[in-house]
Each structure stands twice: as C-alpha cells, then as structure tokens.
Amino acid sequence: MRQFIVDIGNTRIKTAVFEREEMLATSSFESLADLKSYISQQKFDACLISSVKYAEEDLKEALGFDFLYLTRETAIPISNKYGTPDTLGVDRKAAAVGARAKFSEGNLLAIDLGSCITYDFLNAADEYLGGAISPGLAMRFKAMHQQTARLPLEVLNEQEMPQLLENSTRSGLRSGVYHGILFEMEGFIAAYKQQHQDLKVIICGGDSKFFETLTKDYIFVIPNLVLFGLNRILTYNVHKK
C-alpha cells in the first residue's frame, strides 16, 4: 500500500511517499501550487496532511482530492497522557509516534529542532507523558537581534561551525546559540537517561543537521522522524476502517 504524507509547517511544505513503513522519496515545496503540481504526478492509496497554516476545507478546495487531515482528535497508536491534551501540537505527537516507528520497544525521547525545540517522552508502555519546549535556533538569533539595539542578525553555516571561544561579535552570537542548544540537549538527555537507563534518543527536524556530533550508540539523528510518525498514524487510521 502506497501512502502520501504532507507536512505543512510555518515556512516549508515537506512530503514523503511510503510503501508501508519504507520511505521511498521526499520532496520540499514553498507553495500549495507547487505541491498540487507534484501531487498530480503521484499515485497513492491514501494520504495524510498535517498543517499549521491551512484549514482542512481550504486544502480540499486548493488540492482537489480526499485525504485524512490530522487534528487533535485523530486516532494515534499511542496513549496520550498529556495533562492538557487539547493543547498538544500534532507535530509533537507525530514525533513520538515516529520514534516508536523506528524503535519498537523501550523508553524514547524525541528532540525536534524546528521553529521551537520540543522534547517528547514516550515510555515503554507506549504512554506519551509530555516533555519540554524551548526557543529554536532561528528564534534565538532573531530574539537577540530584535530585542537589542545593535546586535546583528546571524545564521549558522554548516561549512563553518562555531568554536566554543570566538573573538568577534558575529561569531560570538553563533557560538552562543549553537553551544547553548548543544549544552541544553546534552543536559536534557543526561537527566532523562539518569531516570530511564534503557533510553533511546532521536534528534530530528530541520536544524538536526547541525548536531550530528551528538550521535552515540543510544542517540540517533533522523531528520524526517515526523514524516515517519505521520505515516504510522495514517496506517493506523486506514486499518481501523
């Protein structure tokens, strides 16, 4: 069974084609028009769309075909024990489900580096218990630029990663943001691992590429984890019918 997954975020539209649990292809778009053109060339049996920008009715009118629209009421193959389930973002649930799709047992911590950094914990009993949220990489750069009089707006460059000790304002901004996130994640991972000895950690999201040095025997970098989670959610709902 071929399944088509669409994840519409704040800035990009990401898609993936799956044959059961195997990801066959991924693509990225900037507009619904580009997405529609691409979809018209695809053949699939079921589709799921997750969107933080568009309502279901708007997407059906723009795209012109049936799909499962991910909402907070959509059935998921894990137990949601979050204290305020109605406020839990669907992307966080998808990250937790994606972690279970990659690792069939044990305690799991999914760290998604997107606009915000989310930490999502799924225990061995498949209970989603929550986690934490902190500012993402771009958000930290923008905050320092917008909330000060003279600090410039910086970005990270994969070809020139910052050192711990830098000797200019621009490089110091890069070092502060990069190492701030790095040390934050290391601290969270150490604290979770102290409480859950069999923990596996999956780092995902658009900015995960900057932190591949964290990879260990129990820490994995899987940038498209949320797409795997959305595919597992679609499969679960298709089989429920």
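With 241 residues, a compact globule would come out with a radius of gyration near 18 Å, and the chain has 19 Å, so the two agree. Keep in mind that this is a predicted model. The chain carries 6 helices and 11 strands.

**Overall build**
- Along its principal axes, the C-alpha trace spans about 60 × 45 × 35 Å.
- Of the 241 residues, 46% count as buried.
- Take the contacts between residues at least 6 apart in sequence: 52% of them join residues at least 24 apart.

**Helix 3 against helix 6**
- Helix 3 covers residues 90-102 and helix 6 covers residues 225-240; their axes come within 7 Å and cross at roughly 85 degrees.
- A crossing of 65 to 115 degrees counts as roughly perpendicular, so that is the label for helix 3 and helix 6.
- On the helix 3 side, the contact is made by Asp 91, Ala 94, Ala 95, Val 97, Gly 98, Ala 99, Arg 100, Ala 101 and Lys 102.
- Helix 6 answers with Leu 225, Val 226, Phe 228, Gly 229, Leu 230, Arg 232 and Ile 233.
- Sorted by class, the residues in this contact of helix 3 with helix 6 are 10 nonpolar, 2 polar and 4 charged.

**A look at Lys 102**
- Lys 102 belongs to helix 3, and it is one of the residues that helix 3 brings to the contact with helix 6.
- Leaving aside residues up to four places away in sequence, Lys 102 touches Ile 222, Leu 225 and Phe 228.
- If you want a distance to check on screen, Lys 102 and Ala 125 are 16 Å apart in space, C-alpha to C-alpha, and 23 residues apart in sequence.

**Helix 4 against helix 5**
- Helix 4 (residues 137-146) packs with helix 5 (residues 169-195) at an angle of about 140 degrees, and the axes are 10 Å apart.
- That angle makes helix 4 oblique to helix 5, because roughly antiparallel would take an angle over 145 degrees.
- The crossing of helix 4 with helix 5 is right-handed.
- From helix 4, Leu 137, Arg 140, Phe 141 and Met 144 meet Leu 173, Arg 174, Val 177, Gly 180, Ile 181 and Glu 184 of helix 5.
- By class, this contact of helix 4 with helix 5 has 6 nonpolar, 1 polar and 3 charged residues.

**Two loop residues with positive phi**
- Arg 20 isn't a glycine, yet it has a positive phi of about 60 degrees.
- You'll find Arg 20 in the loop between strand 2 (13-19) and strand 3 (22-29).
- Arg 20 counts as exposed because its relative accessibility is 59%, and the cut-off for exposed is over 50%.
- Asp 126 isn't a glycine either, and it has a positive phi of about 65 degrees.
- The loop that holds Asp 126 runs between strand 8 (116-122) and strand 9 (127-135).
- Asp 126 has 25% relative accessibility, so it counts as partly exposed.

Technical notes:
Residues numbered from 1 in each chain as written. Predicted model: local features only at pLDDT ≥ 70, side-chain atom pairs only at ≥ 80, totals over all residues. Heavy atoms only, no water. Axes fitted to C-alpha atoms, helices over the stretch in contact; angles between N-to-C directions. Helix = DSSP H or I, 4+ residues; strand = E, 2+ residues; numbered from the N terminus. Parallel < 35°, antiparallel > 145°, perpendicular 65-115°, else oblique. Left-handed = near helix turned anticlockwise from the far one by under 90°. Contact = heavy atoms within 4.5 Å. Nonpolar A, V, L, I, M, F, W, Y, C, P; charged D, E, K, R; others polar. Rg over C-alpha atoms; globule rule 2.2 N^0.38 Å. Buried < 20%, exposed > 50% of the residue type's maximum accessible area, 1.4 Å probe, protein only.
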